[in-house]
Amino acid sequence: GPSWTRERTLVAVKPDGVQRRLVGDVIQRFERRGFTLVGMKMLQAPESVLAEHYQDLRRKPFYPALIRYMSSGPMVAMVWEGYNVVRASRAMIGHTDSAEAAPGTIRGDFSVHISRNVIHASDSVEGAQREIQLWFQSSELVSWADGGQHSSIHSA
């Protein structure tokens, strides 16, 4: 039968998405899809973290511009949890090139250019684990006892 393992993925609203006030729209789409938010923070990305995050693009001609852009303003990094969340989030955000991104995807609805594509999501389970450890301390992530499905807060 199918594996029902709960995955985690890193989703980051890039500086252009934060500047355009799209953070709430992104959160709403992930919540409506049924995923559970287990970590979130707004930060100015340190160049050392960006260099490690984008290590596979280091030799690309656009790399310096990418690092400049990603450190140009605040971003919102989030960890989402759920069944098949890595693959589902990639489908939700759409193609890297906004011209190729389908309507209804985050990039299809909001992205204006390949270099200003609003959002990042991990591309594999292994990549997600690496990226989550890079961007978050384990103490910054919460675990829902019931998977976040029927949470209520009780006062003592």
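**Pockets, cores and a listed site**

Analyst: The lining of the largest pocket divides into eight nonpolar, seven polar and eight charged residues. Here Ala, Val, Leu, Ile, Met, Phe, Trp, Tyr, Cys and Pro count as nonpolar, Asp, Glu, Lys and Arg as charged, and the others, Gly among them, as polar. This is a predicted model: local features need pLDDT of at least 70, side-chain atom pairs count only at pLDDT 80 or more, and totals for chains, interfaces and linings use all residues. Residues are numbered from 1 along each chain as its sequence is written, and side-chain values use heavy atoms, with hydrogens and water left out.

User: What makes a space a pocket, and what a cavity?

Analyst: Both are sets of points on a 1 Å grid over the protein atoms alone. In a cavity, a 1.4 Å probe fits but cannot get out. A pocket is an open set with protein on both sides within 12 Å along at least five of seven lines. Lining residues have an atom within 4 Å of a point.

User: Which residues lie nearest the centre of the largest pocket, and how much space lies in it?

Analyst: K14, Y54, L57, L66 and T96 lie nearest the centre, out of 23 lining residues. α4 (63-70), β4 and α7 (125-135) each give two or more residues to this lining. Helices (H or I, at least four residues) and strands (E, at least two) are DSSP runs, numbered from the N terminus. The space is about 610 Å³. A volume is the space filled by probe spheres set on the points, which are joined across faces, edges and corners.

User: How many cavities of 30 Å³ or more are there, and what lines the largest cavity?

Analyst: The count is one. The largest cavity has a volume of about 30 Å³. Its lining is L10, A12, L50, H53, Y54, M70, M75, H120 and W135. β1 and α3 (47-53) each give two or more of these residues. By class, the lining has seven nonpolar, two polar and no charged residues.

User: Why is H120 called buried?

Analyst: Buried means under 20% relative accessible area, exposed over 50%, and partly exposed in between (1.4 Å probe, protein chains only). H120 has 12% relative accessibility, so it counts as buried. H120 lies in strand β4 (residues 119-121). An unreviewed UniProt entry lists H120 as "active site". UniProt positions follow the numbering used here, feature names are shortened, and annotations may be inferred rather than shown by experiment.

User: What does H120 touch?

Analyst: Contact means heavy atoms within 4.5 Å. Leaving out residues up to four places away in sequence, H120 touches L10, V11, A12, K14, H53, I93, R107 and E131.

User: What makes a set of residues a nonpolar core?

Analyst: The residues must be buried Ala, Val, Leu, Ile, Met, Phe, Trp, Tyr or Cys, joined through side-chain atoms within 4.5 Å. The largest such core has 23 residues, and V11, V26, F30, M78, W80 and I106 have the most contacts inside it. Its largest share, five residues, comes from α5. A second, separate core of 21 residues includes L10, V38, L43 and M70.

User: Is R21 buried or exposed, and what about V118?

Analyst: R21 has a relative accessible area of 73%, so it is exposed. V118 has 0%, so it is buried. R21 is not a glycine, yet its phi is positive, about 60°. V118, also a residue other than glycine, has a positive phi near 70°.
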